[in-house]
Amino acid sequence: MNFWYASGLWATLLKWLLAPLSALFWGISQLRRILLQRGLLTSYRPPLPVVVVGNLSVGGNGKTPVVIWLVQQLHRQGLKVGVISRGYGSRSAVYPRLVTAGDDPLQAGDEPLLIAQRTGAPVCIAPNRRQAVERLLRHSPCDLIVSDDGLQHYKLQRDFEIVVIDAQRGLGNGFLLPAGPLRELAGRLKSVDLIIANGGEHPYAQSVMRLVPTYAVNLLSGQSRPLREFTATPLTAVAGIGNPARFFAMLRELGLDVAQSHAFQDHQPFDAALLAKFDKKRPLFMTEKDAVKCRAFAQQNWWYVPVEAEILDAAAARFIDRIVTEVKGER
């Protein structure tokens with residue numbers, strides 16, 4: 001919600017009007033966490049180390065690029081990585097479901113499918129994360145599990161935690177849902193292993209992630225073209241991600257002429273009719289996450305922009321070393 005990140009009288013008034021509901025949200029979540037800690041509610045300890053990549057706030061913070069980066073880094077260290085996800089937005093008739101690179105995006109969900117395509121790692125989705133882990137391990141030998149989201153899913157025990165923060169939006173007004181964007185208070189950050197800020201430095205973060213785009217890929221032909229070749233062409237941009245404005249700003253910063261932009265809801269289920277209203281004479285640009293849902297009805301001048309997560313600082317390198325040391329020590 002816009003008022004979470006705004007200042008002024010109206011935003012302040014809304015925040016305090018909703019504060020009692022935020023207090024209730026905090027009380028329920030704290031009670032549940034205490035019951036889990038004392039064993040009055042059961043939690044699951046997988047037989048392998050688990051790394052959770054999650055958010056403190058709702059909305060698009062850049063979690064999926066971090067998952068892809070993490071899996072790729074661990075692959076380079078010779079580790080076999082499996083990925084589990086709740087599979088938000090998937091319409092599978094059966095869970096747990098193994099996701100492959102050629103899967104139906106409506107069944108698999110956009111983010112799990114993108115992770116499978118970009119990493120080649122085995123991916124399993126299920127609302128019940130224990131079922132996802134067990135199905136994944138029956139299917140593929142792994143050295144460790146990466147959980148895409150689930151920071152607040154304390155029924156799944158974990159060994160390492162990464163939190164991703166949007167460097168520009170930060171933690172918003174600092175209030176819990178629904179008065180603010182937070183699922184947990186900022187103090188929770190003291191207990192995680194690595195905090196990554198997406199897009200620039202942030203006071204809470206030890207690492208900075210920059211999403212690096214260099215080319216566009218045609219949805220129909222698979223042809224790649226440098227983005228600089230589009231600078232003289234007015235284009236349309238669409239995005240169904242948590243923070244569409246970031247995608248549009250990235251294109252403009254690269255010198256592209258975004259003549260029209262349209263933001264859809266996160267995990268938007270696309271179809272041909274939904275995109276038919278845009279000017280067919282202009283190239284249509286979208287994110288890679290959106291493209292996995294549009295290939296079946298793509299037009300000739302539709303393009304997506306893949307990005308590579310670049311995290312080069314010493315804190316991230318030390319974190320990878322810690323994981324590798326623990327996993328190899330348990331072999």
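Author: Let us begin with a strand pair: strand 13 (residues 284-287) and strand 14 (residues 302-305) run parallel and are joined by 4 bridges. This is a predicted model, in which local features need pLDDT of at least 70 and side-chain atom pairs count only at pLDDT 80 or more, whereas totals for chains, interfaces and linings use all residues. Residues are numbered from 1 along each chain as its sequence is written, and side-chain values use heavy atoms, with hydrogens and water left out.

Reader: What is required before two strands pair, and which residues are bridge partners in strand 14?

Author: Strands (E, at least two residues) and helices (H or I, at least four) are DSSP runs numbered from the N terminus, and two strands pair if DSSP finds at least two bridges between them. Here Met286 has Tyr304 as its bridge partner in strand 14, while Phe285 has Trp303. On another side of the pairing, strand 11 (residues 234-239) and strand 13 are parallel over 2 bridges, with Leu284 as the partner of Thr236.

Reader: In what order do the strands of the open sheet lie, and which are the edge strands?

Author: The open sheet has 6 strands in the order 10-9-14-13-11-12, with mixed pairing. Its edges are strand 10 (224-226) and strand 12 (257-263), each of which pairs on one side only. Neighbouring strands of this sheet are turned by 30° against each other on average, direction ignored; the axes behind that angle are lines fitted to C-alpha atoms, for helices over the stretch in contact, and angles run from 0 to 180 degrees between N-to-C directions.

Reader: Are the residues on the two faces of strand 13 buried or exposed?

Author: Buried means under 20% relative accessible area, exposed means over 50%, and partly exposed lies in between, with a 1.4 Å probe and protein chains only. In strand 13, Leu284 and Met286 on one side and Phe285 and Thr287 on the other are all buried, so both faces are covered.

Reader: Why is strand 1 described as largely enclosed?

Author: Strand 1 (residues 50-54) is largely enclosed by the rest of the structure because 5 of its 5 residues are buried. Val50, Val52 and Gly54 point one way, and Val51 and Val53 the other way. Strand 1 pairs in the parallel sense with strand 5 (residues 144-148) over 4 bridges, where Val52 stands opposite Ser147, and also with strand 6 over 4 bridges, where Gly54 stands opposite Val163.

Reader: How should I read a residue in a loop, for instance Leu189?

Author: Leu189 sits in the loop between strand 6 (160-166) and strand 7 (194-198), and it counts as buried because its relative accessibility is 6%. Contact means heavy atoms within 4.5 Å; leaving aside residues up to four places away in sequence, Leu189 touches Leu56, Val163, Ile165, Leu171, Ile195 and Tyr204. Gln268, in the loop between strand 12 and helix 7 (272-275), is likewise buried, with a relative accessible area of 13%.

Reader: Which residues line the second largest pocket, and what is its volume?

Author: Rolling a probe the size of a water molecule over the atoms shows where empty space is left. On a 1 Å grid over the protein atoms alone, a pocket is an open set of points where a 1.4 Å probe fits, with protein on both sides within 12 Å along at least five of seven lines, and lining residues have an atom within 4 Å of a point. The second largest pocket has a volume of about 190 Å³, and its lining includes Met1, Trp4, Arg169 and Asn243.

Note on methods
Grid points are joined across faces, edges and corners, and a volume is the space filled by probe spheres set on the points.
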